[in-house]
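Notebook open, structure on the screen. Today I want to look up the aromatic rings and what surrounds them.

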Amino acid sequence: MDEVEGERAATEDAAVDQEATDATHTEQALVALRSGWGGGYRVGCDDGGWWYERRDGKGGRQEAAGPDEVARMIADDHAFMPVQGRAL
């Protein structure tokens, strides 16, 4: 393997490692959000787009830039109009 091929392989390996790390962070964030809010809200991340919706069907799907924004938006939503059956 020459130097260029070695650099290319290292770059590809780094990209694969970064994808795995990103997936792990996404999964961890989903678990945290669902464990805290899953009783009253559905939370997801589709193709990098974060969203939540109330389980009581009010308000429809809301989109957010990331898990921190989802958490803030859910907290604000719940403070404004608590989901029935969900106690904080």
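**Ground rules.** I am working on a predicted model, where local features need pLDDT of at least 70, side-chain atom pairs count only at pLDDT 80 or more, and totals for chains, interfaces and linings use all residues. Residues are numbered from 1 along each chain as its sequence is written, and side-chain values use heavy atoms, with hydrogens and water left out.

**Overall layout.** Of the 88 residues in the protein chain, 25% are buried; buried means under 20% relative accessible area, exposed over 50%, and partly exposed in between, with a 1.4 Å probe and protein chains only.

**The hairpin.** Next I checked β1 and β2, which pair in the antiparallel sense over 6 bridges. Pairing here takes at least two DSSP bridges between two strands. The two form a hairpin with 2 residues between them, and Asp 47 in the turn has a positive phi of about 50 degrees. Across the pair, Gly 44 stands opposite Trp 51 of β2.

**Aromatic pairs.** How many aromatic pairs does a search of the whole structure find? I get 2. To pair, rings of Phe, Tyr and Trp (its six-membered ring) need centres within 6.5 Å; planes under 30 degrees apart are stacked, over 60 edge-to-face, and the rest tilted.

Trp 37 and Tyr 41 have ring centres 5.8 Å apart and planes at 85 degrees, so I log them as edge-to-face. Both Trp 37 and Tyr 41 are buried.

Tyr 41 and Tyr 52 also make a pair: centres 5.8 Å apart, planes at 65 degrees, so edge-to-face. This pair links distant parts of the chain, with Tyr 41 in β1 (residues 41–46) and Tyr 52 in β2 (residues 49–54), 11 residues apart. I noted relative accessible areas too: Tyr 41 comes to 0%, and Tyr 52, also buried, to 5%.

**A charge over a ring.** Which residue lies over the face of Trp 51? I find Arg 61 there, at 3.6 Å from the ring centre. The test wants NZ of Lys or CZ of Arg within 6 Å of the ring centre and within 35 degrees of the ring normal.

Terms used
Helix = DSSP H or I, 4+ residues; strand = E, 2+ residues; numbered from the N terminus.
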